Structures are given as structure tokens and as C-alpha cells.
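Have the model open and follow along.

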Amino acid sequence: MSATQRPEAPGAVERLRQSAAAERLRRTWQVLMDGTPPEPPEEEPGEVVDPRALDLVLRVGELLLASGETTERVNEAMLGLSVAYELPRVEVQVTLTSLLVSAHPGKGATPVTAARAIRRRTPAHWRLTALHDLVQQASIGMLELDAAHRRLAEIKRGRGPYPPWMIVLGLGLISASASVLSGGGPLIALTAFAGTVLGDRAAAYLARRGIAEFFQLTVAAAIGATGAVLVVVTGSPGPAASVVTGVILALLPGRPLVASIQDGITGDLVSAGARVLEVFFIIAALVAGLGAVVYIAVNFDVAIDVRHLPKAAETLDSVQILAAAAVSATFAVSLAAPRAVLMPVALGGALIWVLYVLMRGWDMPPVLASAVAATVVGTLANLVARRQGAPVMPYVVPAIGPLLPGTPLYRGMVELNTGSPQDASSA
């Protein structure tokens with residue numbers, strides 16, 4: 001028998017089997033220890049990119065972002081539409097002020113890229129529900145491309161659930177409810193309501209003439225603070241703080257603050273940072289308007305005192321619970337949220353206030369009490385939104401309204417303009 005026909009020794013065969021098993025074990029170990037997901041094989045799609053599908057993806061994303069949606073949800077919606085209408089190998093980039101969609105046909109064809117800038121953002125939470133419904137129906141194949149374009153046009157031209165005058169009154173009612181929440185009576189609530197409505201109309205007048213939003217908010221805050229100074233002149237410094245608390249609460253940036261936190265949690269640090277900067281400039285505008293009025297009042301010897309400013313209640317009062325619910329409900333109206341969310345949002349506002357007061361009664365610091373209460377209510381709002389198949393922003397943003405800071409800004413401005421900068425910075 002030749003050497004090529006001689007069978008291998010049994011030991012050699014066993015060694016080969018052991019080495020093969022060891023190699024399989026080594027590869028399995030590498031896969032388990034490698035945290036990088038394997039790259040899927042790239043398929044070569046067709047060379048046709050439907051421009052109408054690309055346009056629909058951009059338009060839906062633009063309207064979602066302009067209406068107050070977070071960048072993560074906008075990105076998901078745009079990718080969902082891209083898959084639904086078979087755009088090949090789509091890449092989507094969403095920031096606070098721009099959108100970009102790029103489709104790669106493959107087979108050497110030139111990529112098709114389109115972009116759109118977001119120049120105006122107007123909160124309209126009713127549109128979020130309608131747009132997410134459009135995306136959902138398109139994703140399951142129940143909406144043809146032409147029908148989707150018609151639906152989008154209807155949503156864009158559609159009217160909100162409330163007339164414009166009701167949204168204006170909603171802002172005033174936020175202020176009135178917040179002033180009651182901070183200890184004011186009917187006259188103080190009426191003063192806060194009037195100051196907020198007048199400030200909002202002045203800001204709208206400036207907006208129609210192309211004045212920057214920073215100065216619009218400065219004027220609105222100054223008008224509200226003027227109402228507080230007039231209350232001080234009558235001899236009631238405590239209720240004056242309630243007026244300012246209500247006005248500031250109506251103007252504070254609750255929507256971009258919530259959106260910035262959500263963007264940061266999901267890893268979109270660029271948009272999160274931009275939204276935080278937006279919040280900073282809005283607060284700076286409010287502080288500028290409030291500070292200017294307080295400075296003028298102090299120089300005219302108006303007796304503004306911060307020793308008796310209203311604080312969070314140590315006990316639960318039915319009037320304050322109802323005021324917290326009213327703050328959230330009217331906040332939802334001012335954001336043009338669907339009518340179906342008003343009751344859940346009002347319950348959320350009452351709950352967040354109850355939780356806050358209970359934790360303050362347990363000697364928990366205000367910031368920590370606010371964070372815990374907001375976390376609990378935010379989690380419940382997410383569950384309700386998922387159960388209803390609706391976006392979460394219309395539920396979460398108004399519900400946190402009762403905990404937005406109004407009195408600390410007033411306290412800080414008064415102490416800064418009365419010679420106590422250290423106390424002002426701590427407030």
C-alpha cells in the first residue's frame with residue numbers, strides 16, 4: 001500500500017477534530033465578546049428614486065419638527081416613510097433647524113439628496129397626532145403615495161381644535177391659574193391674566209413687524225412685571241410676586257426644555273444642546289424684561305420686598321390642586337393639543353403637584369422633589385400615550401407646567417436690583 005493510500009493514525013484524526021472544535025469555540029467566544037453588531041450585507045437596490053416620495057418624507061419631517069416634535073421621533077417617522085415608499089438605502093439627518101434626506105440607488109447611480117430648513121416653529125400638537133397617524137398608515141401599506149400627499153396637504157391647511165382667541169385666552173388662564181397656585185386671590189389672578197394677554201398681544205404685534213423673538217419675550221415679560229409693580233404700589237408685595245409667577249410661568253419654555261431632555265437621553269447631543277441654548281435665550285429674555293421693570297421700580301422708590309414671597313404649600317389644598325390641574329389644561333390649550341388630551345393632562349398636573357407637595361413635606365429638596373414628581377408623571381404619560389397610539393409630547397409637556405419656576409426668577413431679579421447679588425444668584 002502506497003503512502004497516499006495509507007490510513008491516518010487514529011490519534012491524528014482525533015487531534016484534527018479537537019482543533020476544529022477549538023476553532024469553533026474561539027470564533028463563538030469572539031462573537032459573544034464583540035459588542036459591535038455585525039454589518040448586514042449591502043444589497044444593490046434598483047436605480048429609481050421616486051422624487052415625490054422623497055418630497056413627502058421631507059415635508060412630513062418639516063411639519064413634525066415645526067410643530068414641536070423631538071428630533072428622535074422626527075427621524076423615526078422619516079425613516080418609516082422611506083421604507084414604506086421603497087426609497088433605496090436612505091440616510092436621514094435631523095437637527096433643530098434643518099432636515100436632510102439622501103437616497104443611494106446603487107449600481108453606480110448618483111445619490112439623490114434633498115434638504116429643507118426650518119425657519120419657523122409654531123407649537124401645534126394636534127398636528128403631531130395627525131402626522132403620526134399618517135406615518136403609521138403608510139408604514140402598514142394602507143396609504144398610497146398620492147393619498148399621503150393629499151392627507152399631508154389637508155393636515156397643513158387644517159385648523160386646530162381651538163379658535164385663535166381661545167389660545168390667547170389659554171395663555172392668560174395659565175398665568176391666572178399659576179398665580180392662584182402660588183397664593184394669589186381673584187384680584188391677583190385677574191391682574192396676571194390681563195398682564196399676560198397684553199404682553200402676548202404686544203409680542204404678536206412686534207412679530208408681525210419682524211422684531212426678533214428675544215425682544216418679543218422681553219416686552220411681554222416687562223408688561224407682566226409692570227402689573228406686579230402696580231400691585232406693589234397698592235401695598236401688597238406678596239401678591240405682586242404671585243402676579244409675576246403667573247406671567248413668567250405662561251412664558252417659560254416648557255416645550256423646548258422637555259424636548260432637549262428627550263433628545264439628550266436618546267443620544268442626539270447636537271439637537272439637545274441647541275434646545276438647551278434656546279431655553280437659555282428665552283429665560284434671558286424674560287429676565288431682561290423683568291429686570292428692567294424691577295430696576296426702574298426700585299429707582300423710583302417702589303417698596304419691593306422679597307421677604308414674603310409665596311412658597312410651595314406644605315399641605316394639600318383643594319384650591320391649589322385645582323389650580324395645578326388648570327395650569328396643565330390651559331397649557332395644553334395654548335399648545336393647540338387635541339381636545340382628547342385635556343382631561344389626562346389636567347389629572348397629570350394635579351398629580352404632579354400632589355407628589356411635589358408630599359415630597360416637600362418629607363423634607364426633600366425642591367429640585368429633587370420636582371425631578372421625582374416629573375419622572376413619575378412623565379412615565380405615566382408615556383404609558384397613556386402608548387395605550388392611545390398617540391405621540392407623547394402633548395401629554396408630557398403640559399403636565400409639568402405646575403412645576404416650572406416663576407417665583408425664583410422674580411426673587412432673583414428683586415434681590416439683584418436691591419443690592420443682594422449673592423442671594424440673587426442662589427435664587
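## A helix under cover

The buried residues of α13 are covered by, among others, α6, α12 (318-334), α14 (366-388) and α15. Keep in mind that this is a predicted model.

Which residues of α13 are tucked away? They are Val345, Ala346, Gly348, Gly349, Ala350, Ile352, Trp353, Val354, Tyr356, Val357 and Met359. The helix itself runs over residues 342-361, 20 residues in total. From first C-alpha to last, α13 reaches 29 Å, close to the 28 Å you'd expect at 1.5 Å a residue. After α13 comes aspartate 363, with a positive phi near 65°.

## The whole chain

Stepping back, the protein chain has 427 residues, and 46% of the residues are buried.

Take the contacts between residues at least 6 apart in sequence: 70% of them join residues at least 24 apart.

In soluble globular proteins, nonpolar side chains tend to be buried together. Here, the largest nonpolar core has 41 residues, and Val60, Met78, Leu81, Tyr85, Leu99 and Val101 are the ones touching the most other members. Elements giving two or more residues to this core are α2 (51-66), α3 (71-84), β1 (90-94), β2 (98-103), α4 (125-139), α5 (145-157), α6 (164-181) and α15 (393-399). The top contributor is α2, with 10 residues.

Now zoom in on valine 60. Setting aside neighbours within four places in sequence, valine 60 contacts Leu81, Leu131, Leu134, Val135 and Leu152. Apart from this core there's another one, of 14 residues, including Ala324, Ile352, Ala399 and Leu403. You've met Ile352 already, as one of the buried residues of α13.

What does the surface look like? The chain's accessible surface comes to about 22400 Å², and 62% of that belongs to carbon and sulfur atoms. One spot to look at is a nonpolar patch of about 590 Å², made by Ile211, Phe214, Phe215, Leu277, Phe280 and Phe281. Both α8 (213-233) and α11 (269-299) supply at least two residues of the patch, with α11 giving the largest share, three residues.

Is leucine 277 buried, exposed or partly exposed? This α11 residue counts as partly exposed because its relative accessibility is 48%, and the partly exposed class lies between under 20% for buried and over 50% for exposed.

How values were computed: Residues numbered from 1 in each chain as written. Predicted model: local features only at pLDDT ≥ 70, side-chain atom pairs only at ≥ 80, totals over all residues. Heavy atoms only, no water. Core = buried A, V, L, I, M, F, W, Y, C linked by side-chain atoms within 4.5 Å. Buried < 20%, exposed > 50% of the residue type's maximum accessible area, 1.4 Å probe, protein only. Helix = DSSP H or I, 4+ residues; strand = E, 2+ residues; numbered from the N terminus. Contact = heavy atoms within 4.5 Å. Expected span 1.5 Å × (residues − 1). Areas by Shrake-Rupley, 256 points an atom, 1.4 Å probe, with all protein chains shown as cover. Patch = residues over 30% accessible without salt bridge, like charges linked within 9 Å, V, L, I, M, F, W, Y side chains within 5 Å. Salt bridge = Lys/Arg side-chain N within 4 Å of Asp/Glu carboxyl O.
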